[in-house]
Amino acid sequence: MPVTTIAGHDVHVDDEGFLTSYEEWDEGLAKALAEQIGIDLGEEHLEVLRFLREDFTQKGETATLRRVSTVAGVPTKRLFELFPKKPAKKMAYVAGLPKPRGCV
Amino acid sequence: MTTDTAPILPTFDDTTTDRKLAIICSKGTLDMAYPGLILANAALGEGVETHIFFTFWGFDLVNKKTMHDLKFTMLGNTATHMPQGLGGLPGMTAMATSRLKKSIAEVGVPEVPELLEQIVDSGGHLWACRMSAEMNHLTMDDLTDGVEAIISAGDFIEKTEGAQVIFV
């Protein structure tokens, strides 16, 4: 696994750049990851990320958009505003998790 | 182990995405409702502008009277690998429908009306076919809220200029 440096943090990533070690993430790093993809991270983003992180420990995979909207209660429309264009992948990236594999 | 100076980042290609998708839903059975809608939902999640045209039997997916009650039949569908005669027995369509609904729910995929809502919330565009509406004497009042308008085939072709097309 390659190691890359993001805002002074050395992290393990896959070939695409998604973090591969769950424990290398913290909210400070999330801010730096978000910046890399043009997102100014706020409290509303962080709440989504905390849900994704927690859900990942239980399910062993990254929640899909639908799961975030139905289980965490963040409307789909809002997710598209918080993480524009490709919300599922962007959320996963900033949360330091793999891309979601579910279809819906 | 390698350390790069430029960080390794996923390319989300925000600025280069000008892909456009036109999906034509022409079938009204439960099993044939899903392929188009799942693809639409996936495309929207990838930032692709997506338009769906509901035509002929596909109209059932957006007709408020029928959209909650789509059915699946074994008849004429050899992919169930059951004797075709069985499919014609009383109650078989209801049973096949409830089993399919159960399998779909098990993989976390919502029912058709809810999936359509998710598509609209994700920025998808739903269009209803004028000819189908006129043939069945239906107006916008009969259609689910997410449908933007009843339009002609020509209008749809115009709206989806340059799009990739999926026909279901």
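1. Helices (H or I, at least four residues) and strands (E, at least two) are DSSP runs, numbered from the N terminus. By that reading, chain A has five helices and two strands. Their order along the sequence is β-β-α-α-α-α-α.

2. A word on what you are looking at. This is a predicted model, in which local features need pLDDT of at least 70 and side-chain atom pairs count only at pLDDT 80 or more, while totals for chains, interfaces and linings use all residues. Residues are numbered from 1 along each chain as its sequence is written, and chains are lettered from A, with ligands numbered from 1, in the order in which they are written.

3. Now the overall shape. The C-alpha atoms of chain A fill a box of roughly 35 × 25 × 20 Å along the principal axes.

4. How much of the chain is buried (20 or more other C-beta atoms within 10 Å of a residue's own, with C-beta atoms placed from the backbone; exposed means 12 or fewer, partly exposed in between)? Buried residues account for 35% of the 104 in chain A.

5. Next, contacts (two residues whose C-beta atoms, placed from the backbone, lie within 7 Å). Of those in chain A between residues at least 6 apart in sequence, 46% join residues at least 24 apart.

6. Finally, have a look at A:Ser69, in helix 3 (residues 65-71) of chain A. Why is A:Ser69 counted as buried? Because A:Ser69 has 20 C-beta neighbours inside 10 Å. Setting aside neighbours within four places in sequence, A:Ser69 is in contact with A:Val74, A:Pro75, A:Thr76 and A:Leu79. From A:Ser69 to A:Gly17 is 52 residues in sequence and 26 Å in space, C-alpha to C-alpha.
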